[in-house]
Amino acid sequence: MSIKSNIARIKAELDPQGCILVAVTKMHPVSELEQLYETGHRIFGENRVQELVPKYEALPKDIRWHLIGHLQSNKVKYIAHFIDTIHSIDSFKLLEEVNKQAQKHNRVISCFLQMYIAKEETKFGLDEAEALEILKSASTESLQNVKICGLMGMATNTDNVQQVRTEFKNLRTFFDSIKSIKTKNIELTYLSMGMSSDYKIALEEGSNVVRIGSAIFG
Ligand SMILES: *Cc1c(COP(=O)(O)O)cnc(C)c1O
């Protein structure tokens, strides 16, 4: 299967549900990203700053880049001039740094809070109390160069479909419970959950942004 036919098949599943596709391009060479670009798709996701920056530089500038992997505060400065959305905000300190760097470029960067929903030590993310603290804090309201517009979560990497479904369901419930929080820089529109192995379950559980790599590139 080609990139073109894979993306057409996946978009046919997502479009009727109004779900946004982030095509995850990590570990694929620029030549394959060019093939993806030629299909007309414009939302690309990478998980490491070191890999993202050279790809940004090599490719057309109308691509909207999403950073989906863990982000260290000291690396924000390398992406602040171009990044569209960061899915992996897992501390107030990181949010503050994104705001500071975005301000230098007179931009507003879309941010998703990454929630810890899996039963895996290796994954990052906030618990519900930590997320609420960020959403309700007066210091968050003063950050004019970020917009908190969603939540992201990664389910446990397991064949246990019921467990994955429960993790997504819990995140959806939390998302629904905080949706009414609206300030100058908070409007919770997006729920980013689901990757190649579990996006169909995520869609059933209310995801409206999926991050898909291997099902596109093979
Ligand atoms: C790699 C990655 C994906 C995509 O994974 P696939 O299994 O290739 O679809 C999604 N989200 C994050 C955070 C990733 O690092």
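This is a predicted model: local features need pLDDT of at least 70, side-chain atom pairs count only at pLDDT 80 or more; totals for chains, interfaces and linings use all residues.
Residues are numbered from 1 along each chain as its sequence is written. Local features need pLDDT of at least 70 and side-chain atom pairs pLDDT 80 or more, while totals for chains, interfaces and linings use all residues, and side-chain values rest on heavy atoms, without hydrogens and water.

**View A. The largest nonpolar core has 64 residues.** Such a core joins buried Ala, Val, Leu, Ile, Met, Phe, Trp, Tyr and Cys residues through side-chain atoms within 4.5 Å; buried means under 20% relative accessible area (1.4 Å probe, protein chains only). W65, I79 and I216 touch the most other members. Helix 7 (residues 161-178) gives the most to this core, six residues; helices are DSSP runs of H or I, at least four residues, and strands are E runs of at least two, numbered from the N terminus. Beyond its neighbours within four places in sequence, I216 meets I3, N6, I7, I10, L21, A23 and L36 (contact: heavy atoms within 4.5 Å).

**View B. E205 sits in the loop between helix 8 (199-204) and strand 9 (209-212).** Here is a buried residue, with a relative accessible area of 8%. Its side chain makes a polar contact of 2.7 Å with that of R165; a polar contact is a pair of N or O atoms within 3.5 Å, where, within protein, one must be able to donate a hydrogen and the other to accept it, and residues adjacent in sequence count only if both atoms are side-chain atoms.

How values were computed. Buried means under 20% relative accessible area, exposed over 50%, partly exposed in between (1.4 Å probe, protein chains only).
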